[in-house]
Amino acid sequence: MPGPAWLILPTYDEAENLAPLVAAARAVLNAAAPEGHRTLIVDDASPDGTGAIAEALAAAHADVEVLHRPAKCGLGSAYRAGFDRALEAGAGHVLQMDADFSHDPQMLAPLLEHARAGADLVLGSRYVPGGAVAGWHPLRRAVSRAGCAYARTVLRVPVRDLTGGLKCFRADALRAVRYGEVAAQGYAFQVELTYRALRGGLRVVELPIVFRERRAGRSKLSWPIALEAAWRVPALRSTVRGPLPIRT
């Protein structure tokens, strides 16, 4: 049996969402991960008290732990730190999701199921049949869809939702994509992780999800994050020459 499933939750000012999200995710993983599970909260010194809430959750639940960082260092950096911790601890699968209820915690179960069935990377996708976005202004939906279409066209890959943040990696597949080399943050980080998996010959599966507006708090989306993706995506075709494919 593989090692436990690890869920990585990067947080910055998610005080209203964190406790109910962790409760919902743990309930799903209790049933879906018989090999065991851990939730790692990676908090970037949130000024709203998210870090203290995370500590209280870790004190109450042996399968929850917290990685505190001294400042807001970016989403990509948070995921890299979380991946390091999970793999060092012997994770069998590594999941990632937003900490604001945009991703339904119930989807953790089918992501794990498909990874166990042979997928190296399973993506929650808004833009495959059955997927959708709920609660967004039409302009925001159009910008998101255009960004995914742009990345897909430039990189010439079949995956339809390259910027999504709901993922499940097999541990060996996560090592294979050499995530530590990915310097990008935000959308560009998500795009490059998936592109590295595809270039490495790994099996990538998309599952339809309904992506919803955050339940509480403010979005961290900014124009610099979107612009980073716009200029980094074309560069990937020359800088990513295929990570070492590992199939076990």
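A residue counts as buried when its relative accessible area is under 20%, and this cut-off will be needed at several stops of the tour. The model on the screen is a predicted one.

Begin by colouring the protein chain by pLDDT: the mean is 89, and 90% of the residues reach 70 or more. Then select residues 243-248, where the pLDDT is below 50, although this stretch has 22 contacts in the model beyond near neighbours in sequence. Where pLDDT is low, the predicted coordinates should not be read in detail.

Next, select helix α1, residues 18-32, together with helix α4, residues 108-116; the two pack at an angle of about 35 degrees, and their axes are 9 Å apart. If you show the side chains between them, you will find that α1 contributes Ala25, Val28, Leu29 and Ala32 to the contact, while α4 contributes Leu108, Ala109, Leu112 and Arg116. Sorted by class, the residues of this contact of α1 with α4 are seven nonpolar and one charged, with no polar residue.

Now move to the aromatic rings, which form four aromatic pairs. Select tyrosine 79 and phenylalanine 83, whose rings are stacked, at 5.7 Å centre to centre and with 25 degrees between the planes. Both residues belong to helix α3, residues 75-88, and they are four residues apart, about one turn of the helix. Tyrosine 79 is buried, because its relative accessible area is 0%, and phenylalanine 83 also counts as buried, at 0% relative accessibility.

Where in the chain do phenylalanine 83 and tyrosine 179 lie? Phenylalanine 83 is in helix α3, whereas tyrosine 179 is in the loop between α6 (171-176) and α7 (186-199), so the pair ties together parts that are 96 residues apart in sequence. Is tyrosine 179 buried or exposed? Its relative accessibility is 9%, and tyrosine 179 therefore counts as buried, since the cut-off is under 20%.

For the last stop, select Tyr79, Phe83, Phe169, Tyr179 and Phe189 together, and you will have in view a cluster whose members are linked by ring pairs.

Definitions and conventions:
Residues numbered from 1 in each chain as written. Predicted model: local features only at pLDDT ≥ 70, side-chain atom pairs only at ≥ 80, totals over all residues. Heavy atoms only, no water. pLDDT = per-residue confidence, 0-100. Contact = heavy atoms within 4.5 Å. Axes fitted to C-alpha atoms, helices over the stretch in contact; angles between N-to-C directions. Nonpolar A, V, L, I, M, F, W, Y, C, P; charged D, E, K, R; others polar. Phe/Tyr/Trp six-rings, centres within 6.5 Å; stacked < 30°, edge-to-face > 60°. Buried < 20%, exposed > 50% of the residue type's maximum accessible area, 1.4 Å probe, protein only.
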